[in-house]
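Take a look at the model first.

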Amino acid sequence: MRDRRVLEQLAEVLAVVRLPRPLTLRFAGCDGTSNAWYEPEDGSVTFCYEYLADLRKAAVAGKPGRVTLQEAIDGPTVFVLLHETGHAVFDLLDVPILGREEDAADAFAAITLLRLGKGVALRMLRGAAWSYFHEAHSRKMDESDYADVHGLDSQRYYNILCMAYGSDPDYFAAAVKDGRLPPERAEGCVDEYLQAVFAMQKLVAPAVDRTAMERLRVKHSKRFSAGAR
Ligand SMILES: [Zn+2]
């Protein structure tokens with residue numbers, strides 16, 4: 001992560017949002033706890049090394065196939081960092097949330113990646129989706145999963161596919177063609193995507209530096225276009 005400058009690149013992306021207080025992103029040892037969270041008190045997002053190690057272990061054991069090992073690790077890492085940043089942005093910008101904040105934070109992460117360009121979105125979301133799919137099928141669910149504040153891993157998997165497909169049904173057509181996203185869900189994905197974009201435009205975009213955002217988008221589409229498939 002350090003070699004690939006993941007935090008630095010994320011910081012560059014997030015710098016386009018003018019926040020009223022500084023937000024710190026960090027990887028840290030968490031005494032055995034495998035987690036990531038936003039701490040409103042000191043305005044920081046912490047991603048535990050233990051969590052990173054678990055993602056790596058799952059990627060190696062799960063043999064992602066179509067998704068590269070790197071994507072299966074980087075995808076969920078970046079997605080979760082952006083998800084936590086979503087919580088931070090909602091807090092710092094006083095964004096009202098109707099519905100579940102965890103779903104809103106996932107939407108924030110997906111939209112942010114999709115706005116950075118299709119190449120990077122495809123690679124990172126493919127990795128994140130793989131991770132949720134793998135999690136969903138590698139352990140037995142119990143009541144605590146249904147009671148949890150987060151959606152089920154399978155639901156988070158389909159939500160990611162739906163957001164990506166909804167953003168550009170031609171570019172992400174394989175999600176439906178390969179039988180991963182059911183046509184019944186796919187049908188409404190453009191509307192789901194536009195609804196989330198509308199919320200972002202109303203509630204977050206006023207704090208975004210437009211010129212910096214455009215500069216970043218051009219830079220990223222150039223950087224990742226070579227690796228886009
Ligand atoms: Zn969360």
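**H5 and H7**

- Helices H5 (118–138) and H7 (153–167) are roughly antiparallel (over 145 degrees), because their axes cross at roughly 160°.
- Those axes come within 7 Å; they are lines fitted to C-alpha atoms over the stretch in contact, with angles from 0 to 180 degrees between N-to-C directions.
- Helices here are DSSP runs (H or I, at least four residues), numbered from the N terminus.
- This is a predicted model: local features need pLDDT of at least 70, side-chain atom pairs count only at pLDDT 80 or more, and totals for chains, interfaces and linings use all residues. Residues are numbered from 1 along each chain as its sequence is written.
- H5 contributes Leu125, Ala128 and Tyr132, among others, to the contact (C-beta atoms, placed from the backbone, within 7 Å).
- H7 contributes residues including Tyr157, Ile160 and Leu161.

**The nonpolar core**

- The largest nonpolar core has 54 residues. Such a core is a set of buried Ala, Val, Leu, Ile, Met, Phe, Trp, Tyr and Cys residues joined through C-beta atoms within 7 Å; buried means 20 or more other C-beta atoms within 10 Å of a residue's own.
- Leu113, Leu125, Ile160, Leu161 and Ala164 touch the most other members.
- H5 gives the most to this core, ten residues.
- Beyond its neighbours within four places in sequence, Leu113 contacts Leu82, Val120, Ala121, Met124 and Leu125.

**H3 and H4**

- The axes of H3 (69–92) and H4 (101–115) come within 8 Å and cross at roughly 115°.
- Phe79 and Leu82 of H3 are among the contact residues, as are Phe108 and Leu113 of H4.

Key. Helix = DSSP H or I, 4+ residues; strand = E, 2+ residues; numbered from the N terminus. Contact = placed C-beta atoms within 7 Å. Buried ≥ 20, exposed ≤ 12 C-beta atoms within 10 Å, placed from the backbone. Parallel < 35°, antiparallel > 145°, perpendicular 65-115°, else oblique.
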